[in-house]
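Here are my notes on the model you sent. Please read them with the structure open.

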Amino acid sequence: MREVLEIQNLSKKYGKITAVSNLNLVIKEGDVCGILGPNGSGKTTSLAMILGIVKPDYGNYKWFGEFSSSDIRKKIGALIETPNFYPYMSLKRNLEIVASIKGVDYSDIDRVLSLVNLSERKKSDFSTLSLGMKQRVALASLLLGDPEILVLDEPTNGLDPEGIAEVRSIIKQESQKGKTIILASHILDEVEKVCSHVAVMKKGVLIANGRVNELLSSDDQIIISTERISDLYDLLSRSGMTSKIDQQDYELILNLEKGYTTTMLNEFAFKNGHVLSKIQVNKKSLESQFLELVK
Amino acid sequence: MIRLLKIELKKAFSFNGFWVILGIHAGLFILVSVLLSNISFGENMVLGQYFAFGEVWNSITWLASWFNILLGILVIIMIGNEFHFRTFRQHVIDGLSKSNVFAGKALLIAVLAVYGLMLVLLSSLIYGSIFTVGESFELILQNSYFLAIFFLQALGYMSFAMMIIILIRNTGLSILAFILYMLIVESIIGSFFHDKISTFFPGKIISSLTPMPDFIQFSAQPQMTGSMAGAQYRTAPSTGFELGMTEHLLMAGFYIVIFWLLSIWIVRKRDL
């Protein structure tokens with residue numbers, strides 16, 4: 001997979017406040033990368049920098065191996081924070097302006113409006129739309145010209161449950177087409193449901209980065225029990241297989257080191273004369289993992 | 001460039017405020033010029049004679065210059081909208097460069113200056129036709145260079161307005177700053193300097209590009225006679241310091257270039 005975005009040491013300060021500090025991140029073609037972080041963690045500033053609207057103090061970034069240019073940005077559909085359109089213009093006129101900037105044929109406007117179920121409102125002024133509809137117009141605008149990359153900052157903000165489901169469905173459809181998607185959100189469930197990769201930021205610093213399933217499985221809690229529990233406790237403590245092990249009554253509660261699986265744990269116990277009567281894996285949700293990371 | 005112009009025109013034509021201000025601009029200009037051309041001070045002083053060919057270009061451009069401030073306000077509102085609705089930011093995200101964003105607004109200013117020019121041209125031709133008698137029609141083109149001077153002046157007002165809104169980013173404050181500077185602040189600052197220096201202030205250079213026509217000077221200072229048109233070109237008769245036309249035009253051009261360069265520098269330097 002070729003690299004779509006490479007960020008190197010990107011940093012931005014506002015006065016004495018560090019918004020983003022030495023951000024390094026690589027996003028490959030087809031990745032659906034969620035950028036997670038509490039409010040003020042630097043997600044939006046990071047996206048604003050890679051889209052050319054905020055100048056980094058230090059560091060650089062490359063799209064498709066090239067330094068950013070307006071031509072490259074035309075290949076990206078992006079929504080940062082709120083939808084930005086002219087309130088006194090109709091949806092069609094607003095989208096015509098975006099299409100002109102991107103060099104996209106006006107005929108594509110009907111396609112994207114129908115994708116977000118707003119075809120019937122295309123002659124309505126933007127100011128007459130509800131918040132959810134405005135968000136959907138923004139989605140329509142970023143889909144104009146079928147861009148290779150989508151960058152979305154809190155795309156479900158202000159949407160009702162039906163709207164949220166629609167947006168997720170659009171993101172999933174686009175990712176199934178092989179598009180690269182960068183999605184900043186503080187809604188963990190959203191990221192867990194649609195993203196293949198996740199980057200977690202805290203106070204402008206990237207504190208975790210990887211595939212969602214790897215990030216979650218690395219901290220799976222395993223509960224096992226056997227007849228001679230204390231012997232197995234000693235054995236596992238010396239084995240190097242566990243990162244954390246604790247005995248509670250007739251059970252061992254442990255975390256495996258990276259690279260070890262529950263099957264390997266079972267085999268190890270069996271080879272050493274222990275038959276496990278219970279193996280329970282407690283999968284961590286992204287939410288609990290995230291809260292642990294950012295606390 | 002054509003693509004940028006089309007985008008700007010689409011934005012402008014869809015904005016009611018654009019038509020309202022242009023309507024006020026044209027309406028006020030026509031109203032004042034009609035009133036002025038019909039004023040007479042006895043048999044020897046009928047202002048209509050200054051609207052005949054030969055004099056009309058100076059009279060009309062001077063009159064129209066007062067309304068350039070409205071075009072400046074329109075530029076502030078149009079650019080202010082972009083900051084208010086965060087559409088400048090979105091345009092850059094969508095694929096315009098910051099230079100394109102600036103170029104779009106520069107093109108809008110040029111279009112508005114052409115509109116002002118057309119208004120002045122048509123008015124001058126109409127008034128000239130009405131008030132010219134006999135063989136004076138041969139004088140149609142005499143002093144028509146005032147049109148080019150007016151065009152430069154309109155560009156100057158609007159470029160200054162553009163720089164202010166790009167700097168301040170707030171429509172209300174920018175309109176206030178623009179009007180206060182052009183009408184009051186520069187005069188106050190100028191009063192601390194010798195005329196030889198204050199004559200070169202940007203507001204003064206731009207606003208005095210179209211010289212006061214004879215009839216105004218005549219009514220203000222009856223002892224002054226003689227034709228201004230084509231004979232002399234003065235910056236501002238009241239200052240006592242005179243610039244030649246070429247120097248004056250060069251200074252105005254210099255300021256316009258400075259306003260544009262500062263505007264583009266601010267756009268490029270700042271985050272959106």
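1. In chain B, the axes of helix α2 (residues 16–37) and helix α6 (residues 98–131) come within 12 Å and cross at roughly 20°. That makes α2(B) roughly parallel to α6(B) (angles under 35 degrees count as such). Axes are lines fitted to C-alpha atoms, for helices over the stretch in contact, and angles run from 0 to 180 degrees between N-to-C directions. Helices (H or I, at least four residues) and strands (E, at least two) are DSSP runs, numbered from the N terminus.

2. This is a predicted model: local features need pLDDT of at least 70, side-chain atom pairs count only at pLDDT 80 or more, and totals for chains, interfaces and linings use all residues. Residues are numbered from 1 along each chain as its sequence is written, with chains lettered from A and ligands numbered from 1 in the order in which they are written.

3. Which residues make the contact of α2(B) with α6(B)? From α2(B) come Ala26(B), Phe29(B), Ser33(B) and Ser37(B). From α6(B) come Leu119(B), Ser123(B), Tyr127(B) and Phe131(B). Contact requires C-beta atoms, placed from the backbone, within 7 Å.

4. Chain A has an open sheet of four strands, ordered β12-β13-β11-β14, with antiparallel pairing. Strands pair if DSSP finds at least two bridges between them. β12 (242–248) and β14 (278–282) of chain A each have a single partner strand, so one side of each lacks a neighbour in the sheet.

5. Strand β11 (residues 221–225) of chain A pairs with β14(A) over five bridges, in the antiparallel sense. Ile222(A) has Val281(A) of β14(A) as its bridge partner.

Notes:
Parallel < 35°, antiparallel > 145°, perpendicular 65-115°, else oblique. Contact = placed C-beta atoms within 7 Å.
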